[in-house]
Amino acid sequence: MKIIQKALAFVGLLSLCGLFIYALQDAPTDENFETKLINDYNVYALQVPNDLNFAGELMPLKNPDILERMDRELLVNTYWQSNGLLMFKRAKKYFPVIEPILAKHNIPDDFKYLAVIESGLTNAVSPAGARGVWQIMKSTGRENGLEVNANVDERYNLEKATEVACKYLKKSKEKLGSWTLAAAAYNGGNAGISRRLKAQKVSNYYDLLLGEETGRYLFRIVALKEILSNPNKYGFNFREKDLYKNIPTYKVEVDTAVTSFAKFAQNFGINYKILKLHNPWLREPHLNNKSRKLYTIDIPKEGYYNSNP
């Protein structure tokens, strides 16, 4: 009898534990958020949505090769959780800067996800020398009016770099005929994509046999679009306060040389580091400006940083 009683008590304890764990698996709140992180991790096969598109151009997902490639990118980007959360956080900060510039140039909004896969929304530097959020090469930047030298590199200016990206994408669309091919050409080059289309006697991206990077390019963009547009569907849990915020700034015009940006920053109640955070295109601690060019420098509004000038 005692053995039976002990067994029943053990079963009862297990049941209570199960109920307790289940109770913790409600929508996260500040009170149970940390506990939920521990108790609800699972890995699932994903259902690829049958209506995925890029810039309104449908993906041919009935093609088994296309379906498998799309499935791969959804899996890789869903279960690379740390990177995914960083994309949500940075998108909140930088998409409001990128979106109106795309709209101004009549570039589909989906191209903001191209910037995500190019750089992770950071001022990255590629082995080939491309720089900034849009990964612009030096020659491309200069051809489109950006100043690029050791003193000033406007590829790091998000607004100006987005303008250049828009110009490039428009030309690609005119040359290649679709937004999907224009996006692919951002990675593979207009000449490269045109050459492969002609050699393989096809007319769209999804029929092309391409190298690993360009071959995955559109699928990665669409995967990030799908995940960032549907965080709960793909298991990403966060609160609004977890996302990064864009610090409001005002603009100061400068048309002379600046001998010390450390001293310049002090005039506005900030330090050199904060000045550089908001103006990464200023590459040196001074500005030469022998030509007396007019530059616009962003200064964060008062009250957002606790720092000594």
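Where is the place of Tyr304? Tyr304 lies in the segment after β4 (295-300). This is a predicted model, in which local features need pLDDT of at least 70, side-chain atom pairs count only at pLDDT 80 or more, and totals for chains, interfaces and linings use all residues. Residues are numbered from 1 along each chain as its sequence is written, and side-chain values use heavy atoms, with hydrogens and water left out. Helices (H or I, at least four residues) and strands (E, at least two) are DSSP runs numbered from the N terminus.

**Surface and loop residues**
- Tyr304 has a relative accessible area of 45% and is therefore partly exposed (buried is under 20%, exposed over 50%, partly exposed in between; 1.4 Å probe, protein chains only).
- Thr122, in the loop between α5 (112-119) and α6 (138-143), is partly exposed at 28%.

**Helix packing**
- Helix α3 (residues 64-78) packs with helix α10 (residues 212-229) at about 60°, their axes 9 Å apart (axes are lines fitted to C-alpha atoms, for helices over the stretch in contact, and angles run from 0 to 180 degrees between N-to-C directions).
- α3 and α10 are therefore oblique to each other (under 35 degrees counts as roughly parallel, over 145 as roughly antiparallel, 65 to 115 as roughly perpendicular, the rest as oblique).
- Helix α4 (residues 81-104) and α5 cross at roughly 130°, with axes that come within 9 Å, and are therefore oblique as well.
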